[in-house]
Amino acid sequence: MKHRLLDVRPLRVSPAYRRLWLGTSLSAVGGQIASVAVLFQVWEMTHSPVWTGAVGLARAVPLVLLGLVGGALADSVDRRVLVRWTMLAQLVAALGLAAQALLRVDSLGLLLLLVATQAGFGALGAPAQRTFPVRLLGRELVAAGIALQHLSFQAAMLVGPALAGVVLGQWGLTPAYLVQAVASLAALYAVVRLPAMPPTGAPSGRGPRAVVEGMRYIARSRVVSGLYVTDLVATLLAMPIALFPVINEERFGGNPETLGLFLSAVAVGGVLAGFASGTVTRSDRPGAVQLWAAGTWGAALAVFGMVGPLWSALAALVVAGAADTVSVISRGAAVQLATPDSHRGRVTSVEHVIGVAGPEIGNFRAGVVAGATSAAFAATLGGLACLVGIVVVAATNRELRRFRISRDIPTPDDAA
């Protein structure tokens, strides 16, 4: 039973990782609070759903455009230094959000610019930051470290919006943004305390050439490309979030509390899977684990589209959320371990871009299919299409299916 529960050894064996986990966990909660505050402020300024939707666009565009640039930088400079400066820039942007709220500037353009600035610097630093666990921990603990990070992210999604409501209701916008700034400072302190992390191995080009070489490596590696194709199949074909309001309206009378339960059920499944992630993080075959998890995600969402009672719909979403967490943990560990350190930043940046763009495109696809048919049909079709797609990937990618850490990664990176 002990080996089936969350593996907390990374927090015990590495003080640097422990500080980083605590700092980034606080930063994730602060980010959730600030995200709710931004949506609230934009709505108060415009009372337009178009402009509240523009907040997501303001974040997504720099994330996609600068994510690959961040990967190239991560493979050419000290990663600790890169993340330190990008976090400092995000802290300044957080203080800017607090200042504009305090001074009641009421400029939508300035607000969206600050949001885009935060997202852009986050994208520049994210690929380097994702490589930290493999440098701070031994090979056998990388998956456990990623599981701990994902668990804190899921917990922040549960706790952050509720805290945001309290802070906004009791004290207003400025304190909400200041909470994010303080939390960002904690994460920055943890990064400053890290050891130097220059990339190892011979550099392979600079600028656009480096990005192209990273893409070539992914194309050459059947394991890494298979991991990414599996993720794209799951998100592009079965992402259900855009269908939640319609299904809630058609089946449950449009009750806003029910809509909130849909979103919470996915996060609950993720948290439960995180607490029971020991089996996943100790697995020697992360590629096979991801394939099973992605297939389970598709099957659960197909069931969500077909069932009637609320309890069964929520149960299907809990299973889907748990499967998504298992997929993220196994994919993250396999990508980090199967990629040489000289390419790790660029390869990780592609994972970051896929993680941002895939769900958004998948939600758009779901909306289009629902508009032409129905939301329930779109959810069921997407889930079944995902399941078929995963079967095809598993059948055609033998290397991913049989990938073993102990056999295929004989020389681990030295832990710092």
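Buried means under 20% relative accessible area, exposed means over 50%, and partly exposed is what falls in between. Keep that scale at hand while touring this predicted model.

**Stop one: R130 and E351.** Select R130, whose relative accessibility of 33% makes it count as partly exposed. Its salt-bridge partner is E351, with 3.6 Å between the closest N and O atoms. The two come from distant parts of the chain: R130 sits in helix α5 (residues 108-130) and E351 in helix α16 (residues 344-372), 221 residues apart. Now colour E351 by accessibility: with a relative accessible area of 7%, E351 is buried.

**Stop two: R282 and D7.** Next, pick R282 and show D7 with it; they form a salt bridge whose closest N and O atoms are 3.5 Å apart. Here too, distant parts of the chain are linked: R282 is in the loop between α13 (278-281) and α14 (286-306), while D7 is in the segment before α1 (9-13), 275 residues apart. Is D7 buried or exposed? D7 is buried, at a relative accessible area of 3%, whereas R282 counts as partly exposed at 31%.

**Stop three: R404 and D284.** R404 lies in the loop between α18 (398-402) and α19 (405-408), so the pair ties together parts that are 120 residues apart in sequence. Both ends are partly exposed: R404 has a relative accessible area of 31%, and D284 has 24%.

**Stop four: a network.** Select D75, R79, R135, D341, R344 and R346 together; salt bridges that share partners join them into one network. Across the model, the salt bridges number 13.

**Stop five: Q154.** Q154 counts as buried because its relative accessibility is 6%, below the 20% cut-off. Which residues does Q154 touch, leaving out those up to four places away in sequence? Show A267, G270, V271 and T325 to see these contacts.

**Last stop: helix α11.** Select residues 244-252 and highlight F244, I247, N248 and F252, the buried residues of this helix. Look down the axis: they cover an arc of only 100°, which puts them on the same side of α11. In an α-helix there are 3.6 residues a turn, so residues three or four places apart point the same way. Finally, step just past α11 to G253, which takes a positive phi of about 75°.

Key:
Residues numbered from 1 in each chain as written. Predicted model: local features only at pLDDT ≥ 70, side-chain atom pairs only at ≥ 80, totals over all residues. Heavy atoms only, no water. Buried < 20%, exposed > 50% of the residue type's maximum accessible area, 1.4 Å probe, protein only. Contact = heavy atoms within 4.5 Å. Helix = DSSP H or I, 4+ residues; strand = E, 2+ residues; numbered from the N terminus. Arc of directions from axis to C-beta. Salt bridge = Lys/Arg side-chain N within 4 Å of Asp/Glu carboxyl O.
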